Amino acid sequence: MPYLFVHFREKRTPDGEQVYFGISEDGFHWEAVNDGDPVLWSYRGDKGVRDCTITRTADGRFVIMGTDLSLAYGMPNQYDGSWEEITRNGSDALVLWESEDLVEWSDQRMVELGDGQFGCLWAPDITYDGQNDEYVVHWSSSHRRDDYEDKAIYCATTESFETFSEPELLYRKPDSGVIDSAMYEEDGSYYCFCKSEANPAGIVLLKSERPTGPFTRVDVFDRTMEGLEGGRYEAPTAFLLDDGRWCLFLDYFGGRPETQGYVPFVADSLESAFERADEEFAFPYGFKHGTVLPITAEEYERLQAYEKEPSER
């Protein structure tokens, strides 16, 4: 089965914080789309997009959402070089594009979800709720109610990506902040990977019967993180391989540049311990925080041939 990886690149220039595509026929060996140049550029809000997610809707459309943030532009300017300033006063909108074919995309839209009470809206993910025929958009934010301290996961629902419900709390970890939620359905249950900022520092796995919770910890996943520098992993994304196993990508940061980027793990089910599979994995350049989407062979070929005209870049 072919796959599409929608992501950004951690570069110090504005072109890094845009939307990039990678494609693969097996989920392990990847090639760049559009000669490794951005497929979509953000021209609104902070004029950068990070932490991209993509979904295929029930009626066959594609939706990309992401964090409205450019460190290349904003960090030395409106945010005064301060991550704390971004956390408190970063964008309260998410960026969004739509497409029918993965090639022609709508104009960028800004989805205002922050309602003046949140800090920056980070790392959206989209989960389809088949019971209610709607989509749960979830992200991490700090909040005014506790003076923008520990982040939690919040959500809003939508049927069409045109209008959204009021934001609600999805999950708060009682002893630390939590970010980077990525949710999947298996055998009627919903599993949510996320990054715990402490106690422990690393990726944790949650489980619920509904995509809106309540969630409980899946302790067996903690074995996957044993022996790893847990605090240096973030941005989980998972997908089913052709052989029925799950592949989980975790974004490793810190250390030398050549050691950074996604690391693959595989397991028979989401409640099994995952094993590292580095030797099976190859990507043509460094890439950051994204989402993998299964695609058809026709869609793979279309993206493989895709190249933006220079005037469109």
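This is a predicted model: local features need pLDDT of at least 70, side-chain atom pairs count only at pLDDT 80 or more; totals for chains, interfaces and linings use all residues.

Reply: Residues are numbered from 1 along each chain as its sequence is written, and side-chain values use heavy atoms, with hydrogens and water left out.

Me: Within what arc do the buried residues of H4 fall, seen down its axis?
Reply: Helices are DSSP runs of H or I, at least four residues, and strands are runs of E, at least two, numbered from the N terminus. Buried means under 20% relative accessible area, exposed over 50%, partly exposed in between (1.4 Å probe, protein chains only). In H4 (residues 297-304), Glu-299, Tyr-300 and Leu-303 are buried. They line one face of the helix, because the directions from the helix axis to their C-beta atoms fall within an arc of 105°.

Me: Which exposed residues does the face of H4 turned away from its buried side carry?
Reply: An α-helix has 3.6 residues a turn, so residues three or four places apart point the same way. The face turned away from the buried side of H4 carries Glu-298 and Glu-301.

Me: In S2, which residue is the bridge partner of Leu-4?
Reply: Strands pair if DSSP finds at least two bridges between them. S1 and S2 run antiparallel, joined by 5 bridges. The partner of Leu-4 in S2 is Ile-23.

Me: What is the phi of Gly-27 in the turn?
Reply: S2 and S3 run antiparallel, with 3 bridges. They form a hairpin with 5 residues between them. Gly-27 in the turn has a positive phi of about 90°.
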